[in-house]
There are 2 protein chains.
Amino acid sequence: MSAAFDFTSAFRPGLPAPAVKFAGFPKYNFVGGHNHPDHIPVDGLIKAAERVLKREGPSLATYGLQSGALGYKLLREFLSKKLKSYGDISASPDEILITSGSGGGLDLVANVLASPGDTVLVEQETYGGALTRLTRFGLKPVGIPLDEEGLRPDALSSTIDRLKSNGIRPRYIYTIPTVQNPTGAIMSEARRADVLKIAQAHSIPILEDECYSDLIWNGRRPPAMYAMSKAGGVIHVGSFSKSIAPAVRIGYVVAPWDVLSRMLALKTDGGTGALDQMILAEFCVSEFNTHVKTLNTGLKAKLDTLTEALAENFGTAAEFVVPEGGIFLWVKLPDNVDTRKLYQTALAAGVAINPGPEWSTNAEHGMSRLRLCFANPSHEAIREGVAALAEVCRRDFGVPARIANVKRA
Amino acid sequence: MSAAFDFTSAFRPGLPAPAVKFAGFPKYNFVGGHNHPDHIPVDGLIKAAERVLKREGPSLATYGLQSGALGYKLLREFLSKKLKSYGDISASPDEILITSGSGGGLDLVANVLASPGDTVLVEQETYGGALTRLTRFGLKPVGIPLDEEGLRPDALSSTIDRLKSNGIRPRYIYTIPTVQNPTGAIMSEARRADVLKIAQAHSIPILEDECYSDLIWNGRRPPAMYAMSKAGGVIHVGSFSKSIAPAVRIGYVVAPWDVLSRMLALKTDGGTGALDQMILAEFCVSEFNTHVKTLNTGLKAKLDTLTEALAENFGTAAEFVVPEGGIFLWVKLPDNVDTRKLYQTALAAGVAINPGPEWSTNAEHGMSRLRLCFANPSHEAIREGVAALAEVCRRDFGVPARIANVKRA
């Protein structure tokens, strides 16, 4: 009677493994879409908080402020303008839904378009979190191989045909056309047109994830597929996690109201956090463009440090295409390196990496590859972390054969 | 080829009805857990924002700040103390999970304890949003009748036995013991002990929702069931939506780590909004107690205005038990009034109410009842709104027979 209650028998069957307790970040943190503390515009956010709360603080009294369930109106108005200038997207504030990060958008799109057991087309190398989400919903991701421009239209076409011959109609195509995750590829305008044409010919909607598209060194980018598609059929997702701060949980979905109204019916969070929305909007209206330019200068410098450190410590053992933007580098190590094993031993040495198989639907292709995020660690941490990673890799897999600075010594 | 893309055929089968566009709030807003703009501590929030961002703004650079997925550490530390002083709950910060409102907690509890088709016990009159959530997850809510102290232990016991004889084991019991929604009942300590005893005898976990428990006029309340259960088996959910501001999307779940770690594995929002968490925590540490006292004084005065307006306009046609706290009044009208129909015509007259059947598992019992929320409308709006509601009700249902002030004229 007074025995302790046993929750184990109360859990529903089939729960995923429990989370592990947070024990702080690793010393050399090359995983996750984190930013660096120095890149957070703290003073601007403080001023924005004061201004917006003085003006509109009392509206916190109502769910959704005075803006309805789509999200804070000034933020949607800012986004309407920003989407035009950054991706040539024409969308009214009522065609924009504010979500808890872009992940909130990915979940809602999956839930309005697909049922458990359905197939979704993804890029063969893609955001690991997207793969996890699809699997959790009981969906089947099928990967389309990439080249240096991203999604390959020939492979997309043949995969759709192959599935069709098996009676399978993919529910949507998930693509990251601008600074592809993890490869960093930027899909050309011509390639986008090809992909759109194929999708429309088969009446398959496209989910375009542009989380990283503001982080391009030269500031130039092709138009968003959402903008290019005259017939519609594209849902666009974006985020402020990478351009401002990931802890501020603000992303957005751009779609016609017919689609957003279906998503809203499934959005059960009572609205996205108001202080996050209000302060972000107030900051962005005056400072987004300037901030992003400064941020990109900082990110480019870190990428330079990372590629130099890799060349110095791994030599030709580390192959990569230097991206034109973003926060990550996709690295190929020699074929004998299993990055899932490297992940374990590197972590023990304080170096966190994303093993390739978690970022790919093709475990074999991903096996000797890894993703290194460079926004969070300092320049010094990048240099030390890459050296430590090379040391572990050499010890466990014999590559790189010699550490460069030892060779030079 | 250039025909507009038709999303209708792309949606998955079985989607709920689309949301309707926000067109502003009704003139007399007696629905939803809104607060009044004057009750928002705007100056305190501005000062809190400045302090906490100056001190910890750079930590926005990392997902989860420096606190991990459970939520901002200072907020969980504040809650650990607040839960002890308000509900006698002993919980360490690592036994508290910050969610997007209490609704985020309700969703996570449903998802770790129950599978589609399972049965959940609820109070016969209960939070409409909880019923909607359960139904959306494919769960079957079974209502337990209430009395003036809330959930009836005899009815709980007999319902469990009846279900058992049909081979059904309810996955959990959902109760709002302190300021029950919608009846406002406060469950006595003895009653809580009885309910706990029954639940434990059958090894059924309890989900205790204490969203409104800080809003008690005299500040005195029985201990939380979470605190009383020596054996465990209770999951506690609370919120700042009612005590501070609903647009600030902060609620919490209190449970052993074994349970929270399962919830975290299903929490896909990338963390709860950081600015909401940080500013709220910073404000609450110094001002929560004072603020809640002021708020309760204001709410009590509004309840007085509401009950006076009902007496004046409805006379004996409106029956209710005056609650000792909260933000709503549960009103019984004469049997011939169908509040679902009244809802429609009242809304056309600018008066929004919650029809009883949406707040009950027993549509017949709920039919002539309605819920009136009194926190959002001003005193003047309460008086005018109740008069307008009486006018509509008299026109459509013949009750109240005469409007009191007409009679007096």
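Into which domains is chain A divided?

## Domain organisation

In this predicted model, chain A is divided into domain 1, made up of 24-40 + 289-408, and domain 2, which covers 42-287. The centres of domain 1 of chain A and domain 2 of chain A, taken over C-alpha atoms, are separated by 27 Å.

## Contact between the domains

Domain 1 of chain A brings 27 residues to the contact, and domain 2 of chain A brings 27 residues. On the side of domain 1 of chain A that touches domain 2 of chain A, α9 (274-314) and β11 (328-332) of chain A each supply at least two residues. The largest share of that side, 7 residues, is provided by α9(A).

By residue class, the side of domain 1 of chain A that touches domain 2 of chain A comprises 10 nonpolar, 13 polar and 4 charged residues.

## Helix α3 of chain A

Helix α3 of chain A spans residues 101-113 and has 13 residues. From the first C-alpha of α3 to the last, the helix reaches 19 Å, close to the 18 Å expected at 1.5 Å a residue.

Because 12 of its 13 residues are buried, α3(A) is largely enclosed by the rest of the structure. Among the buried residues of α3(A) are the glycines A:Gly101, A:Gly103, A:Gly104 and A:Gly105. The buried residues of this helix also include A:Ser102, A:Asp107, A:Leu106, A:Leu108, A:Val109 and A:Ala110. The cover over the buried residues of α3(A) includes the strands β2 (96-99), β8 (206-209), β9 (234-239) and β10 (251-254) of chain A, together with the helices α4 (128-136) and α8 (257-264) of chain A.

How values were computed:
Residues numbered from 1 in each chain as written. Chains lettered and ligands numbered in written order. Predicted model: local features only at pLDDT ≥ 70, side-chain atom pairs only at ≥ 80, totals over all residues. Domains from an automatic or database assignment. Contact = placed C-beta atoms within 7 Å. Helix = DSSP H or I, 4+ residues; strand = E, 2+ residues; numbered from the N terminus. Nonpolar A, V, L, I, M, F, W, Y, C, P; charged D, E, K, R; others polar. Expected span 1.5 Å × (residues − 1). Buried ≥ 20, exposed ≤ 12 C-beta atoms within 10 Å, placed from the backbone.
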